[in-house]
Amino acid sequence: MSKANIIDGKALALSLRASIAEAVAELTDKHQLVPGLAVVIIGDDPASQVYVRSKRKSTEKAGMASFAHTLPGSTSQQELLDLIAGLNADPAVHGILVQLPLPEHIDESTVICAIEPAKDVDGFHPMNAGLLATGQPALAPCTPVGSVMLARQAARNLSGLEAVIIGRSNIVGKPLAQLLLRENCTVTLAHSRTRDLAGVARRADLLVAAVGRPEMVKGDWVKPGAVVIDVGINRIATDDGGTRLVGDVDFGEAVQVAGAITPVPGGVGPMTIACLLRNTVQAACAIAGVEMPKL
């Protein structure tokens, strides 16, 4: 049996970023509109700081305006809400992203709901979630959007496919189910309480793993020839005392069975930041009342 095709998330993300840069140049030239993204981080979590620096670099490289706000871990909830209120009112800011997780003394739901829905480029606000669920135009979460793009690259036409998503989070599982319904997939949203989870997974023409458990999905969970999208990013210890990144799928096993599969790293991850930039352009165009360039 031949090995699966590897879905190159880095290459697709680079292509999308190039299109975004062209769109930003067009908006700047024709409408004097420079999409602006504000990123807020609280505390000194090293992984979050690396991620935020990457976002800022990507934003500026695309010709967009970047506004970074790094706050101490002792920042109160009210201080954060006051900052968000200022960003909501700032006409130069079209997208607002508050880096999660937040310190324990700050309520995540309250913060998400404080962001103006039109500037909610993470797509987490209940209003955007509701619009997405009812099939209306909305800012959708970046990781699910990127996952659909990767699946399309592998399967071309997703219509009619049986899709199984393992994981029911508000950030990935639920919005991804809505996006795949729009693609005319038949969608099953599975989770830790699903009976015979492996059997359910084996039905899938398109299998998405988003549970945060290292290498949980084994090769015998995968239908031969299926498209596998691995959303998980888990750091595990190695025998030599170091660490390495793995997904929620046992890649070594699944690559022998699947028709196409995303690697970790280099699959969904690069698409998430590219789709954040795309959402910021979309938000800027909607706020300014101009047509969004085709991406």
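**View 1. Asn279 sits in helix 10, residues 268–288.** Helices here are DSSP runs of H or I with at least four residues, strands are runs of E with at least two, and both are numbered from the N terminus. The model is a predicted one, in which local features need pLDDT of at least 70 and side-chain atom pairs count only at pLDDT 80 or more, while totals for chains, interfaces and linings use all residues. Residues are numbered from 1 along each chain as its sequence is written, and side-chain values use heavy atoms, with hydrogens and water left out. Asn279 has 2% relative accessibility and so counts as buried; that word means under 20% relative accessible area, with exposed over 50% and partly exposed in between (1.4 Å probe, protein chains only). Leaving aside residues up to four places away in sequence, Asn279 touches Val121, Leu139, Ala140 and Cys142, where contact means heavy atoms within 4.5 Å.

View 2. A disulfide is a covalent bond between the sulfur atoms of two cysteines. The rule used here asks for a pair of cysteine sulfur atoms within 2.5 Å, and by that rule the count is zero. Cys275 counts as buried because its relative accessibility is 0%. With a relative accessible area of 2%, Cys285 is buried.

**View 3. Helix 6 (residues 142–155) meets helix 7 (residues 173–182), with axes that come within 9 Å and cross at roughly 40°.** Each axis is a line fitted to C-alpha atoms over the stretch in contact, and angles run from 0 to 180 degrees between N-to-C directions. The two helices are therefore oblique to each other, given that angles under 35 degrees count as roughly parallel, over 145 as roughly antiparallel, 65 to 115 as roughly perpendicular and the rest as oblique. On the helix 6 side, the contact is made by Pro144, Val145, Ser147 and Val148, and on the helix 7 side by Pro175, Leu176, Leu179 and Leu180. These residues divide into seven nonpolar, one polar and no charged.

**View 4. Which residues of helix 7 are buried?** They are Gly173, Pro175, Leu176, Ala177, Leu179 and Leu180. Their cover includes helix 5 (126–133), helix 6, strand 5 (162–166), strand 6 (186–190) and strand 7 (206–209). Just after helix 7, look for Asn184, which takes a positive phi of about 70°.

Definitions and conventions:
Nonpolar A, V, L, I, M, F, W, Y, C, P; charged D, E, K, R; others polar.
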